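Student: Could we go through some of the labels used for this structure, and ask what stands behind each of them?

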Amino acid sequence: MTEIVAGPFMLDLEGPELTAEEREWLRHPGVCGIILFARNYVEPAQIRDLIARVRQAAGRPLLIAVDQEGGRVQRFQHGFTRLPPAARYGEVYADDPARGLALAEQAGFLMAAELRAVGVDLSFAPVLDVDSGVSEVIGDRAFATAAEPVAALAGAFACGMRRAGMAAVGKHFPGHGGVAADSHHELPLDRRSLAQLEARDLLPFRRLIEAGLEAVMCAHVAYPQIDPLPAGFSRFWLQTVLRQRLGFGGAVFSDDLAMAGAAGMGDLQARAEAALAAGCDMLLACNCPQESIALLDRVAWRPEPARQRRLMALRARPVTPDPVRLEAARRQLASLA
């Protein structure tokens, strides 16, 4: 099987079984990954079989991803440990920093180990947003309301993920926690200055990048005092800030291009082209199957060795966690329920 990752698209599937149409487009060289949702999941054996069939149909390496943060955002539930929202680790950390960090690390390890057991490469975690008390879509998905504990706890969570063989994906760059609007439904505008963002929202990204963060996912948020374009379509944010100032060398994911927060960039094709031009390595297009599939033949792209190396580095490492350690992690996290 070839080691080449060709295209820049991560698409989704209709349900818990692979359809004939999906088998066909999975062979397209533009498809680099699949993101799974709750509608694709029944129980662990079923999702393991679905992932195996996806890989077989594609005939080449693909990245398989899911949102499995815990709390409100956990796509696989029955048969998986129910994880608390990130804010619970922050609450513990406020009283006992050492215990908060230990629990966050155990949660990252357990989440990743359970996903790796069914063949998932990536969970889009940890959340690096700092909760400013105004964003309902972030809220308790954030580890804390201050940048330093977010950086510490998210770093511990990422270390746990790596211990189970999974890379970490920090989101939502450069920070979604300071706006009330939900980018699923509209484009949020964060009117703070770059200096304000650097002192707060960017700090967790800086700290985790220094510690070896493998990937980031962009926010569909615009910061008009800095750049009129939403971050995931902005060369300033992705090239000047992320690559140059922060020294990030990992993979960059767009957020879902079908979200309303991206609508100002034009139709789905225009959004994909703008995200590629800005510097995204992989483009998510979800919950619009016909439009997403059409992108495969409409969007101009070329295989780029640097992009391929960054994406291939995200494939999960073969690690077999000790069952005793897994059970210990479940017991410790049960105390947060």
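Tutor: We will take the labels in turn, beginning with the model itself.

Tutor: This is a predicted model, in which local features need pLDDT of at least 70 and side-chain atom pairs count only at pLDDT 80 or more, while totals for chains, interfaces and linings use all residues. Residues are numbered from 1 along each chain as its sequence is written, and side-chain values use heavy atoms, with hydrogens and water left out.

Student: Which residues does UniProt list for "binding site"?

Tutor: The unreviewed UniProt entry lists Asp 67, Arg 75, Arg 141, Lys 171 and His 172, although such annotations may be inferred rather than shown by experiment.

Student: Why is Lys 171 called buried?

Tutor: Buried means under 20% relative accessible area (1.4 Å probe, protein chains only), and Lys 171 has 2%, so Lys 171 is buried. His 172, at 6%, is therefore buried as well.

Student: What makes the pairing of Lys 171 and Glu 69 a polar contact?

Tutor: A polar contact is a pair of N or O atoms within 3.5 Å; within protein, one must be able to donate a hydrogen and the other to accept it, and residues adjacent in sequence count only if both atoms are side-chain atoms. The side chains of Lys 171 and Glu 69 make a polar contact at 2.9 Å, and those of His 172 and Asp 129 are joined by one of 2.7 Å.

Student: Which listed site residue is in contact with His 172, leaving aside neighbours within four places in sequence?

Tutor: With contact meaning heavy atoms within 4.5 Å, the partners of His 172 include Arg 141, and those of Lys 171 include Asp 67 and Arg 141.

Key:
Buried means under 20% relative accessible area, exposed over 50%, partly exposed in between (1.4 Å probe, protein chains only).
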